[in-house]
Amino acid sequence: MGGTELPIVTRLREQVQDLKRELSHEIPKALEEARAHGDLSENAEYEAAKERQSYLRARISQLEGRIRELSLYTISSLPQGVAGYGSTVEVEDLNSGEKRTFKLVFPEEADAGAGSISITSPLGRALLNRAPGDEVVAQTPGGKRQLRILSLVTFAEAEEGEGGGDGGPTRR
């Protein structure tokens with residue numbers, strides 16, 4: 001496992017490479033074709049290509065900044081035994097008795113409908129660094145929720161289970 005970078009960093013690096021490829025190969029061709037049409041002052045294709053070029057440069061810069069931030073995290077730096085990035089947390093709503101399972105992810109990966117919640121969301125922040133048996137209160141858009149953590153599978157435990165370790169993640 002060691003200091004391996006997180007899967008989100010790998011995906012962002014791939015996105016940057018795709019955008020750089022478009023910026024260095026496709027945009028110059030589009031600009032050249034647009035120039036061939038003559039007067040650039042009223043050339044919609046030229047303007048569109050220049051706007052796309054500007055967008056790509058800004059997006060690449062934004063993604064590279066995020067990669068630098070996320071590169072501070074490695075698989076080995078993730079917390080053990082408590083909820084952190086990549087953890088799957090089963091909770092019980094102490095008011096309704098409803099049980100839900102959430103996966104804690106970075107904002108870029110959040111998909112509430114699929115149960116993936118951002119570690120920066122109110123619920124995600126409430127669950128961070130908590131262990132099974134802990135009770136947390138989260139102020140959500142739907143109101144205050146009081147939850148008990150029933151079980152936890154950390155990122156490392158899930159990776160261990162996928163890698164053939166002892167046959168599966170540890171449930172607490």
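Setting aside neighbours within four places in sequence, Glu-22 is in contact (heavy atoms within 4.5 Å) with Ile-27, Pro-28, Arg-52 and Leu-56. Glu-22 sits in helix α1; helices here are DSSP runs of H or I with at least four residues, strands are E runs of at least two, and both are numbered from the N terminus.

A quick word on the model: it is predicted, so to speak of local features takes a pLDDT of at least 70 and side-chain atom pairs count only at pLDDT 80 or more, while totals for chains, interfaces and linings use all residues. Residues are numbered from 1 along each chain as its sequence is written, and side-chain values use heavy atoms, with hydrogens and water left out.

Glu-109 turns up in the loop between β2 and β3 (116–118). Glu-109 is buried too, at 19% relative accessible area. Leaving out neighbours within four places in sequence, its contacts are Ile-8, Arg-11, Tyr-85 and Ser-116. Glu-109 and Ile-8 are 101 residues apart in sequence, yet their C-alpha atoms are 7.9 Å apart in space. The side chains of Glu-109 and Tyr-85 make a polar contact at 3.1 Å, that is, a pair of N or O atoms within 3.5 Å; within protein, one must be able to donate a hydrogen and the other to accept it, and residues adjacent in sequence count only if both atoms are side-chain atoms.

Note on methods
Buried < 20%, exposed > 50% of the residue type's maximum accessible area, 1.4 Å probe, protein only.
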